[in-house]
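Here is a short report for a reader new to this structure.

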Amino acid sequence: RDLAPPTALHTAESYALAWELDELEELGSAFYDFLKERAALIAADVGATAMVGSVIALSLCPSLSAAAGSIVASHCQQLVELDLSGLTAIDDVSLADVAAHCASLRAICLNGCTGVGDAGVSALAAGCVGLSAVHAFGCTRLGEEGALALARGCAALATLDVTGSSACSDAVLLALAEARGPALVALGAGGAGDELTDDGVV
């Protein structure tokens, strides 16, 4: 079901957000009221004190603070897909919270999350070992350490896009080849510059 207008929060078969919405001060009042209403209705429907969801996209809310990722993670612990693309305030602390609460996560989109670096992605790799798709296009702070953590820690990884960062090195390609081989179906590495050489590709 679609719980939100297209200009706000889009969800698909999702239950999201509860009583800590007061922390998201940057939300407009109308959107805030909408979310509070939806959370109350969902809580009544399922009799739960914590919201459980499967797919949440916050990409249409670029003004959200770093707290958004943490709040969603703490209340939606059965998430399998999370789209945080374009949220420049999302940082390593936010991702660590996602990793700590969302062990079932299978796909995450961090495109344009320029506050995300190796520490946050490494936390994801350790806490969300079932990740099969990681999109981190334009994550300029992401480097080899984070990509290696994904390659070595996520046994189901099939799609990895680190275009626009220095994350894809020869060492990362070797680790991916050893861990995933033909199971890796998509790799985005444009913009890797001097970190990637012919040795890694061959």
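## Cysteines

Cys-102 is buried, at 0% relative accessibility. Buried means under 20% relative accessible area, exposed over 50%, and partly exposed in between (1.4 Å probe, protein chains only). This is a predicted model, where local features need pLDDT of at least 70, side-chain atom pairs count only at pLDDT 80 or more, and totals for chains, interfaces and linings use all residues. Residues are numbered from 1 along each chain as its sequence is written, and side-chain values use heavy atoms, with hydrogens and water left out.

How many disulfides does a search of the whole structure find? The search finds zero. Cys-102 is in no disulfide, and the nearest cysteine sulfur, that of Cys-128, is 6.5 Å away. A disulfide is a pair of cysteine sulfur atoms within 2.5 Å. Cys-109 is buried too, with a relative accessible area of 16%. Its closest cysteine sulfur is in Cys-113, at 7.4 Å, too far for a bond.

## Confidence

pLDDT is the predictor's confidence in each residue, from 0 to 100. The protein chain has a mean pLDDT of 75, and 67% of its residues reach 70 or more. Confidence is highest in H4, at 97, and lowest in strand S1 (residues 10-12), at a mean of 35. Helices (H or I, at least four residues) and strands (E, at least two) are DSSP runs, numbered from the N terminus.

Over residues 1-28, pLDDT stays under 50, and the model has 87 contacts there beyond four places in sequence. Contact means heavy atoms within 4.5 Å. Residues 39-53 also have pLDDT below 50, with 33 contacts beyond near neighbours in sequence. Where pLDDT is low, the predicted coordinates should not be read in detail.

## Packed helices

Two packed helices are described by the angle between their axes and the distance between the axes. Axes are lines fitted to C-alpha atoms, for helices over the stretch in contact, and angles run from 0 to 180 degrees between N-to-C directions.

| Helix pair | Angle | Axis distance |
|---|---|---|
| H5 (residues 144-153) and H6 (residues 170-179) | about 5° | 9 Å |
| H4 (residues 118-127) and H5 | roughly 5° | within 8 Å |

H5 is roughly parallel to H6. Angles under 35 degrees count as roughly parallel, over 145 as roughly antiparallel, 65 to 115 as roughly perpendicular and the rest as oblique. From H5, the contact uses Glu-144, Ala-147, Leu-148, Ala-151 and Arg-152; from H6, Ala-171, Val-172, Ala-175, Leu-176 and Ala-179.

H4 and H5 are also roughly parallel to each other. Here Asp-118, Val-121, Ser-122 and Ala-125 of H4 meet Glu-144, Glu-145, Gly-146, Ala-149, Leu-150 and Gly-153 of H5.

Leu-173 lies in helix H6. Leu-173 is buried, at 13% relative accessibility. Leu-173 and Ala-151 are 22 residues apart in sequence, and 8.5 Å apart in space, C-alpha to C-alpha.

## An enclosed helix and a strand

Helix H2 (residues 67-75) has eight of its nine residues buried, so it is largely enclosed by the rest of the structure. Among the buried residues are Ile-71, Val-72 and His-75. What do the buried residues of H2 pack against? They pack against strand S2 (55-57), strand S3 (81-83) and helix H3 (92-101).

Thr-159 is in strand S6 (residues 159-161). Thr-159 is buried, at 18% relative accessibility. Not counting residues up to four places away in sequence, Thr-159 touches Ser-132, Ala-133, Val-134, His-135, Leu-184, Val-185 and Ala-186.
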